[in-house]
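Please keep the 3D view open as you read.

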Amino acid sequence: MTMSPIDPGLIERHNADRRKHLDADYASLGERLSRRGVDIDAIARKVSAFTVAVPSWGVGTGGTRFARFPGPGEPRGIFEKLDDCAVIQALGRATPAVSLHIPWDKADPAELKGRADALGLRFDAMNSNTFQDHPSDPNQPLSYKFGSLSHADRAVREQAVAHNVETIRIGTAIGSKAITVWIGDGTNFAGQADLGRSFDRYLESMRAIVAALPSDWRVFTEHKMYEPAFYSTVVSDWGTNLMIAQELGEKAFCLVDLGHHAPNTNIEQIVSRLIRAKKLGGFHFNDSRYGDDDLDAGSIDPFRLFLVFNELVGAGEALDRLHPTHMIDQSHNVTDPIESLIRSANEIRRAYAQALLVDRAALTGYQDANDAMMGSETLKNAFRTDVEPILAKARVDAGGAIDPIAAYRGSGYRAKVAAERPASVGGGGGIV
Ligand SMILES: [Mn+2]
């Protein structure tokens, strides 16, 4: 039996007050969708099956390079992080998996697995960390100040490879099936490093990591345009990422973090290209306005999130074969991280549900007839549809809350853990 940090009775009482209105809203939306030839229950079933992984580092308050303002009751280690992830899942029912970051979340794998099993959680892709130094880790005495997998010194590269292999080993013991590799390697000055040789060294290191993958594992490489390096980044963009995945072979795929592009980049077109190349591995969902802002998914530009899902849904069977993973990667600085993650998972599901409503046959017809207005209107019709009753129905049918943030606030969870978890300095966090 799953132990839940949220009393199921509380969720039942919360839903009882709202059930009548949800049923009416769902029936009304179902009637309107049926006029468009859409079966609302079929959409709801697909939405229910869609899940997104929560990042362990997301349940703590993030920060910027200027400051970090901790919130009350922050988790002090991976086991308390898992408790918070279980709250998100209990109320929202969209996030049954957690993505771990090593060494921030390093612990006995058997204990990790046991705790996750007890909470009804599982583990999604693992994340290695060679973008900062780990003075307390005896396996990583060398500094990554001038890079990791692409470092000029072979000994640093070997240390970084060994850390990734250790991350794979921990992941294997807890049921994960993938590792995401993001490095901070790059330069701040033209002339600081040779662009070509750095990339060759990176590829050589990645080949060693791929060689250590179990047969049923995948590796996701994550590109990022800038930061922490500001002149050049070794894995800078989707073109570089595609080259990497193609060179590394059948286990290697590209991960798209929505915030890792220049402003105004057409991310949905990148998604389309990577699907065609059979190299789309997964996503880090978040939103941004200027750069890698790590704001809550769908909070700034929900239409862009919808357009990404429009490409995914439109790809049909080609996407089924790729089965990309969905993860959130956000930094919460001014909100309760639990509330942000509940809402973000819901916004991601919203974009998916809206994309399912696009009349694909009509869209193709308008495109082939060069009817730009009606092609645009076909997408907008889907995007303008308020699908909240579908999202709420998916939650409540799975045991979650109709209004999960209201239920969370009503639970008193934050005040309870604030009393149990005295404020501590440090802890994992940051922008990745
Ligand atoms: Mn990321």
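Predicted model: local features only at pLDDT ≥ 70, side-chain atom pairs only at ≥ 80, totals over all residues.

Residues are numbered from 1 along each chain as its sequence is written. Helices (H or I, at least four residues) and strands (E, at least two) are DSSP runs, numbered from the N terminus. Two strands pair if DSSP finds at least two bridges between them.

Let's begin with the sheet of three strands, which is open, has the order 1-2-3 and pairs in parallel. Its edges are strand 1 (54–55) and strand 3 (122–123), each of which pairs on one side only. Strand 1 is joined to strand 2 (residues 97–99) in the parallel sense by two bridges, and here Pro 55 stands opposite Ser 99 of strand 2.

Inside the order, strand 7 (residues 218–222) and strand 9 (residues 252–257) run parallel over four bridges, with Glu 222 opposite Leu 255 in strand 9.

For their angles, axes are lines fitted to C-alpha atoms, for helices over the stretch in contact, and angles run from 0 to 180 degrees between N-to-C directions. Residues are in contact if their C-beta atoms, placed from the backbone, lie within 7 Å.

An unreviewed UniProt entry annotates residues 100–294 as "domain: Xylose isomerase-like TIM barrel"; UniProt positions are given in the numbering used here, feature names are shortened, and annotations may be inferred rather than shown by experiment. In the model, this span is 35% helix and 15% strand, and its end C-alpha atoms lie 17 Å apart.

Next come the helix pairs. Two packed helices are described by the angle between their axes and the distance between the axes. Angles under 35 degrees count as roughly parallel, over 145 as roughly antiparallel, 65 to 115 as roughly perpendicular and the rest as oblique.

The axes of helix 3 (residues 78–92) and helix 11 (residues 337–356) come within 10 Å and cross at roughly 45 degrees, so the two helices are oblique to each other. Their contact includes Val 87 and Ile 88 of helix 3 and Leu 341 and Ile 342 of helix 11.

Helix 11 also meets helix 9 (residues 302–315), where the axes come within 8 Å and cross at roughly 55 degrees; this pair is therefore oblique as well. Among the residues that meet are Phe 306 and Phe 309 in helix 9 and Ala 351 and Tyr 352 in helix 11.

Finally, helix 1 (residues 8–35) and helix 15 (residues 404–411) have axes that come within 10 Å and cross at roughly 130 degrees, so they too are oblique. Leu 10, Ile 11 and His 14 of helix 1 make this contact with Ala 407, Gly 410 and Ser 411 of helix 15.

Technical notes
Contact = placed C-beta atoms within 7 Å.
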